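Please keep the structure open beside them as you read.

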Amino acid sequence: MMGNGKETRLPVDAPDADGLPLAVHSLESPALTKAQLAELLFEQIGMNKREAKDMVDAFFTLMAQRLIDGEDVKLSGFGNFQVRTKAARPGRNPRTGESIPIKARRVVTFHASSKLKEQLQDVVDGKA
């Protein structure tokens with residue numbers, strides 16, 4: 001339930017085993033959490049709660065490990081996660097103007113698929 005006491009259903013464009021779209025029920029926050037994903041697996045696919053939690057945890061553990069290993073993660077119809085190495089560079093403290101070195105680091109970037117971008121635009125255009 002949202003803060004107003006009403007149930008909210010937000011569509012998720014990932015179809016279930018029958019090809020029907022899954023729906024997110026009663027989001028407590030604007031962000032989708034791992035616990036909510038596990039709850040969806042429990043409610044809509046019929047997994048028991050422990051299996052659902054374990055599956056979600058395993059999915060994100062595998063994704064994280066692949067990224068740590070420097071591999072890209074590609075989710076068809078959703079997007080790509082890529083690891084980029086950023087070189088060391090000079091930076092500045094905005095308050096003092098003092099020069100501060102920024103160390104080299106690895107970051108993860110996300111690029112939405114054209115299908116996801118189109119679905120997002122459809123919402124803006126009132127087609128969804």
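1. **Elements.** The chain holds three helices and seven strands. Starting at the N terminus, their order is β-β-α-α-β-β-β-β-β-α. Keep in mind that this is a predicted model.

2. **Burial and contacts.** The chain has 128 residues, and 16% of them count as buried. Now take the contacts with a separation of 6 or more. Residues 24 or more positions apart account for 27% of these.

3. **The three-stranded sheet.** Look for an open sheet with the strand order β3-β4-β7. Its pairing is antiparallel. Which strands are at the edges? They are β3 (73-75) and β7 (105-112), and each pairs on one side only. From one strand to the next, the twist averages 25 degrees.

4. **β4 with β7.** Strand β4 covers residues 79-86. Eight bridges join β4 to β7, and the two run antiparallel.

5. **Thr109.** This residue lies in strand β7. Is Thr109 buried or exposed? Its relative accessibility is 16%, so Thr109 counts as buried; the cut-off for buried is under 20%. Leave aside residues up to four places away in sequence, and Thr109 touches Asn80, Phe81, Gln82 and Arg84. As background, side chains in a regular strand alternate between the two faces of the sheet.

6. **A helix across the sheet.** Helix α2 spans residues 49-68. This helix lies across β3, β4 and β7. Relative to β3, helix α2 runs at about 135 degrees.

7. **α1 against α2.** Two packed helices are described by the angle between their axes and the distance between the axes. Helix α1 covers residues 34-45 and packs with α2 at an angle of about 130 degrees. Their axes are 8 Å apart.

8. From α1 come Lys34, Leu37, Ala38, Glu39, Leu41 and Phe42. They meet Lys49, Ala52, Lys53, Met55, Val56, Asp57 and Phe60 in α2. How many of the contact residues are nonpolar, polar and charged? Eight are nonpolar, none is polar and five are charged.

9. Strands β5 (residues 89-92) and β6 (residues 99-102) pair in the antiparallel sense over four bridges. Arg89 stands opposite Ile102 in β6. Gly91 has Ile100 as its bridge partner in β6. Together β5 and β6 form a hairpin, with six residues between them. Check Gly97 in the turn: its phi is positive, at about 80 degrees.

10. **The helix α3.** Helix α3 takes in residues 114-124. How many of its 11 residues are buried? The count is one, and α3 is hardly covered. Just after α3 comes Gly126, with a positive phi of about 80 degrees.

Note on methods
Residues numbered from 1 in each chain as written. Predicted model: local features only at pLDDT ≥ 70, side-chain atom pairs only at ≥ 80, totals over all residues. Heavy atoms only, no water. Pairing = 2+ DSSP bridges. Axes fitted to C-alpha atoms, helices over the stretch in contact; angles between N-to-C directions. Contact = heavy atoms within 4.5 Å. Nonpolar A, V, L, I, M, F, W, Y, C, P; charged D, E, K, R; others polar. Buried < 20%, exposed > 50% of the residue type's maximum accessible area, 1.4 Å probe, protein only.
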